[in-house]
Amino acid sequence: ADLPRLLPESAHLVVNASRVFAARIFAARRAGSGEGKPVEVMFLAPEEGDAAAALERPCEGQEWRCMVRSALVAPGSALVARAAEAPGGAELRLRVERVVSAWIEEDEDDGVEAVLTLSTNIPDLSAHEVFDTFGHVPLPPYMRRDAEDVDRATYQTVYASKDAAGSVAAPTAGLHFSPEVMSDLQAKGVRWTPLALHVGAGTFRPVIAERIAEHDMHRESFAVEVGALREIIASLEAGRPLVPVGTTAVRTLESLYWLAAGGSHDDAQALALGQWDAYRLQLELGGGDSDALPPPAVALQRLCDRAARRGEAVVHGTTSLCIAPGYNFKLCDALVTNFHQPDSTLLLLVAALAGRDSLKAAYQHAVEQRYRFLSYGDASLFFNAGGREQ
């Protein structure tokens, strides 16, 4: 628990309060579709709207983007899941509507990313009830063990919100925070603000392309309360350093800036940031001159004003932002994060923030001292080598 000692008293932590749901379901092929071992289906996100809202609605007819770990599925393929403890003999029926792309994951069976329609034989069963009944906690594949009941509690951060369920992987930098650490930070005067970015399984997909420009970044949805934005704006105006906890908090903050700075969204248009939009906007709006871009506090205020005009208390959107070396950070002075695996977009993000030399030195030290890597591993604190653009 060194973090309270290492952070400046004026620091403002920004944490991802998204909650993991039981997104992994094993389903059998229905009669006529062939036999074999159960097929793993990982539910990534609803095709429309926010995951937290979709989980509270009846599951009947909902469409979800999924990873299906079978290369044999095709449009029209049918799967069914049953559970001994299911109420009233409930079963979950899954139909493949369309295949989006191949799904390739290191050291795992190949599969596809596809859109599936859900159906049950019990009316009004909510999606949340379906996943609680049929689903398993989606532990990272490299853990090489089946999920246990205890994982439903332990694979969550202490600040995970019941109103922000929707992640298929925990924002694991937050697993280092205990109630005692949070208390120590608050006693020191460190501020903290929650937001929610629903972590997708794409976070586990390695970068296999020769060039990062050829990597297809995954899309994730986020939700940030206007009150949280106002807290961040106040810290920006007061000159307090912003310290996101985890790469997902970084991507959310930086996405918020560019969605606001772009200024092209009318109030009726959904907020969605593409993989390379930040780099394009940097050139189009700034032309190499950072002074031509709106200050972070001004940009975030635009989102507050937009929410007020729409009569909303929460800013919703999606992001596919890929942060790689050369990126200019707008809302990140330091980062609390785990030690990541090679060939990952997570490591690219940390390299962009810390710089190559600092990153190599930290990872060399971690290897020599036998630190633990990945989800249940040790944490690190990196400071922005290039300084946050004001």
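**Close-up views of a predicted model**

**View 1. Two side-chain partners of His-198.** The side chains of His-198 and Ser-18 are joined by a polar contact of 2.8 Å. A further polar contact, of 3.3 Å, links the side chain of His-198 to that of Asp-50. These values come from a predicted model.

View 2. His-198 lies in the loop between β10 (191–197) and β11 (220–225). Is His-198 buried or exposed? With a relative accessible area of 6%, His-198 is buried, because buried means under 20%. Leaving aside residues up to four places away in sequence, His-198 touches Ser-18 and Asp-50, the two polar partners, along with Ala-51, Ala-52, Ala-164, Ala-165, Gly-166, Ser-167, Glu-220 and Ser-221.

**View 3. A closed barrel of six strands.** The strands follow the order β3-β4-β5-β8-β7-β6, and their pairing is antiparallel. On average, neighbouring strands of this sheet are turned by 45° against each other, direction ignored. Strands of a sheet pair through backbone hydrogen bonds, either parallel or antiparallel. Strand β3 (residues 24–29) meets strand β6 (residues 78–82) through two bridges, and the two run antiparallel. Arg-29 has Leu-79 in β6 as its bridge partner.

**View 4. Strand β5 and its two neighbours.** Which strands flank β5 in the barrel order? They are β4 and β8. Strand β4 (residues 39–46) runs antiparallel to β5 and is joined to it by five bridges. Here Phe-43 stands opposite Cys-66 of β5. With strand β8 (residues 111–120), β5 pairs over six bridges, again in the antiparallel sense. Glu-63 has Thr-117 of β8 as its bridge partner. Five of the six residues of β5 (residues 63–68) are buried, so the strand is largely enclosed by the rest of the structure.

**View 5. The largest nonpolar core.** This core holds 58 residues. Which of them touch the most other members? They are Leu-229, Leu-256, Trp-258, Leu-300, Val-315, Ile-323 and Phe-329. At least two core residues come from each of β10, β11, α6 (226–238), α7 (247–262), α8 (277–286), α9 (296–310), α10 (345–354) and α11 (356–368). Helix α7 gives the largest share, eight residues. In soluble globular proteins, nonpolar side chains tend to be buried together.

**View 6. Leu-229 and a second core.** Not counting residues up to four places away in sequence, Leu-229 touches Val-224, Leu-256, Leu-300, Leu-303, Cys-304 and Val-315. Of these, Leu-256, Leu-300 and Val-315 are also among the core residues that touch the most other members. A second, separate core has 37 residues, including Phe-21, Leu-55, Val-68 and Ala-127.

**View 7. Cysteines without disulfides.** How many disulfides does the model have? The count comes to zero. The sulfur of Cys-66 has its closest cysteine sulfur in Cys-59, 12 Å away, which is too far for a bond. Cys-66 is buried, with a relative accessible area of 0%. Cys-304 is in no disulfide either, and its nearest cysteine sulfur, that of Cys-332, is 20 Å away. Cys-304 also counts as buried, at 1% relative accessibility. Cys-304 is one of the residues that Leu-229 touches.

Notes:
Residues are numbered from 1 along each chain as its sequence is written. This is a predicted model: local features need pLDDT of at least 70, side-chain atom pairs count only at pLDDT 80 or more; totals for chains, interfaces and linings use all residues. Side-chain values use heavy atoms; hydrogens and water are left out. Helices (H or I, at least four residues) and strands (E, at least two) are DSSP runs, numbered from the N terminus. Buried means under 20% relative accessible area, exposed over 50%, partly exposed in between (1.4 Å probe, protein chains only). A polar contact is a pair of N or O atoms within 3.5 Å; within protein, one must be able to donate a hydrogen and the other to accept it, and residues adjacent in sequence count only if both atoms are side-chain atoms. Contact means heavy atoms within 4.5 Å. A nonpolar core is a set of buried Ala, Val, Leu, Ile, Met, Phe, Trp, Tyr and Cys residues joined through side-chain atoms within 4.5 Å. Two strands pair if DSSP finds at least two bridges between them. Axes are lines fitted to C-alpha atoms, for helices over the stretch in contact, and angles run from 0 to 180 degrees between N-to-C directions. A disulfide is a pair of cysteine sulfur atoms within 2.5 Å.
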